[in-house]
Amino acid sequence: MLDFFSIFGKGGIVLWCFQSTGHIFTPSVNALIRTVILQERGGGSNSFDHESLTLKYKLDNEFDLVFVVAFQKILQLSYVDKLLDDVQLEFRDLYRQQLQGLRPGLEFRRPFERVLAAAEEWGRRQDNQPRQMRSFEQSHKSKKTVSSMIERPHEQKNQKTGKAGKRNKEQEQEKEAAVKESPPPTPAAPASPRNGSGAGELDEETMALNRMRLAQRLGSPNASKKKAAADKQKSPKAKKTGKAPTQWDLGGTNKDVASLERTKDKDGVRQDTYDSKLVGQMVGGIKDLEVDSSDDDDEQDEERQVRLARTKESGLLSMFKGLVGNKSLSRETMQPALDKMCDLLIAKNVAADIAKKLCESVATKLDGKVIGTFEGVASVVKTTLTESLMQILSPRRRVDILRDALESQRKGRPFVMTFCGVNGVGKSTNLAKICFWLIENDLRVLVAACDTFRAGAVEQLRTHVRHLNNLHPAERHNGREMVQLYEKGYGKDAAGIAMEAINFAREARLDVVLVDTAGRMQDNEPLMRALAKLIKVNDPDLVLFVGEALVGNEAVDQLVKFNQAMADYSAAEHPHLIDGIVLTKFDTIDDKVGAAISMTYITGQPIVFVGTGQTYTDLKSLNAKAVVHALMK
Amino acid sequence: MALSPEILGILIAVFVIALTAAFLFWQRRRTSRSGILVVGLNDSGKTLMFSQIVYNEFVDTFTSMKENIGDFTASKSVLKIIDIPGHERVRAKFFDEHKRNARGIAFLVDASNLQSNIRDAAEYLYSILTDPVIASSAPSFLIVCNKQDQTMAKGSVAVKKLLEKELNLLRKTKSSRLASLDNTTDNAVFLGQEDKDFEFEHLNKIKVEFAETALFSAANEEGVQLEQVEDWLERVSA
């Protein structure tokens, strides 16, 4: 039944392996390691699906081993977790002495078969047992408070309190479900609308539906009356839902367009003063971000050197380490330290789910690990958490925009970057900053104004382009204009404008195209469709999500929904998801830098730029060490 | 000759101090840099090469999560071989831990799909060469072109040319340009000479050599084709 079982060290060398088919399992196991373990997603379940296989794994932190079992995804084997535990114990008992050296080629077949038979037998016994009834503690009813279960007959009259009561009951249920381990959800009416509407907020229609269903269950004579009331509620609401055309204050018809048109300049050139001190400051790579005073860093570095030196010289002391008792970490001992770390992260503006998942993955990494008596549990937990954070913030792939732009220049086609995000995060401002950086490095840029909705978007970009061309006049660059703007006014289709802009850039042999899109909320379906269409049609080289550093738990929602929309509405085998993140308004947070962690954890993509102000030189690149240092202070 | 006890005492103290100092100095010199780092991209064969050098065995491997440390006895001294995982997220951490101990660095390259990975490989090599600790301690480099048993594998001469071309471009995009309004950005280590195209010979302190291996085919053969690597190890340990 099992296709594959392997025991290997964390360094990668396989100690023992068993496979029952001829299939090559290396890619699946490598995918497991790369996506789950190395990306700190080891917190929740320990199973991972790859192609047609399900892989389950267990880490042994004392001897640095990994146990992996693989079987077909369609099978539902109940004994696999127990098998992993038993095999781990058996293996450790047999080879405790030899595990210090980790030589490959250990003989384990017979004990393994014995353990496997025992586990299969246990699984069969479990399946044949009749299903146990739930105890009262496990039931859903024990989670409700008494007052919420009392039905008031005049519930229909006072609609407001009814809504509030229902919402309170939902929140209480959610809170209590979060506090205790949640049992399998009962198919009660309150549960289903919760599944349907995401974060536990009810809108009017589902509320009416709830009330109707409750009335039907009670069989009260008021059921039909309530239904009529619900219908009446629905019809005026039907007019409210759906997109209504925007009402401008001055009103107007098509004939007024001529007077409202501001995309062309009025006659006369304006006399503007430009700040030419900025020229030359962004040449080369982007400067690293500095988060706090660097004196602390130097001191800490020196401390670390001293500590390292001391541990190296303590060859004598290591003899005594064996005499002093070692303790091994378990979840109970780590829990208070982990909770403190979790609270610290949340206080630094990391999203709550992400902080919890991170602490879970640290617990998995340290479970069973042996530490010396001179190390405290809290310090070990803190070091491991720091390492995990560093790992999350290190980019998974190479981030070098200049190099990729040069590569596209060589191939004769422009390098296309798209900026997307919700309203008001700083897309246009940061686009201008990135444009300045690119022209400082002698690349010619085309800005495509695909924000055709917001008033003044095109003018804003035109002003930036004029300013930039003034800072880098064509005379200094062999008579070539460094920045150009491609716009088609308002109200047109963004995807079409982007396509035309890219063709224009290709013919004019421009190097980079920066596409500015309109801000949109993540649950606005038609706008997300439009964005997905723009990306599918134009296939940009880089899709950057612009997010502000002030955002807290909302970052999770935004990124998840953006990625999901791009995956769903693109109708391709391998949809083009978010490739990178631009973190803006970084100067407004002092050291509450948790948004960086939330965003990189959700998408797994690196933070490419950090915006730290509103002038052209306020563009930095992420310095992982400084950010983690500020987080863990 | 009758020495007074004080002078005798002082002489003995000075002698003991001198002996201790000499002992510590000799100890430090011996253990100071005795490590060989094995680095490279994901899936280039580092853990396999490590186990063949240290254990003389061919093993199956998966992606490493942690470094592997083992000893190799050269003719004169014992070298510590350290295999650093190639996964982008963890390689910096392990490299920083062990770079101080590096006497030589073996950079493995998968010669069969170098063309598609050239930018990643060159960036990794660039980041190692410009690291301030490495630049000052100047270990010797060996660039091993692995997977020669595959049909499309490039030889060491072709790999050398490809890397040189890529590093030439990289040093421009990574470091500051020489413009008149220049105030430079970050680290100032500029590889090679500025007016000429980059070549490995221009690195005056660091010596770079090339070797070819085919580690996977060694399952059935003796004398694996690690001769070039072992020669280099002998030379480094001297």
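Modeller: Happy to! Let's start with A:Glu121 and A:Arg124, whose side chains meet in a salt bridge at 3.6 Å, N to O. That term means a side-chain nitrogen of Lys or Arg within 4 Å of a carboxyl oxygen of Asp or Glu. The two sit three residues apart in helix H3 (residues 109–128) of chain A, so about one helical turn separates them; helices are DSSP runs of H or I with at least four residues, numbered from the N terminus. A:Glu121 is partly exposed at 38% relative accessibility, and A:Arg124 is partly exposed at 48%. Here buried means under 20% relative accessible area, exposed over 50%, and partly exposed in between (1.4 Å probe, protein chains only).

A word on the source: this is a predicted model, where local features need pLDDT of at least 70 and side-chain atom pairs count only at pLDDT 80 or more, while totals for chains, interfaces and linings use all residues. Residues are numbered from 1 along each chain as its sequence is written, chains are lettered from A and ligands numbered from 1 in the order written, and side-chain values use heavy atoms, leaving out hydrogens and water.

Now helix H15 of chain A: A:Glu407 and A:Arg410 are three residues apart there, and they form a salt bridge at 2.7 Å. A:Glu407 is buried at 11%, whereas A:Arg410 is exposed at 63%. A:Arg403 bridges to B:Glu166, and these four residues are linked in a network of salt bridges.
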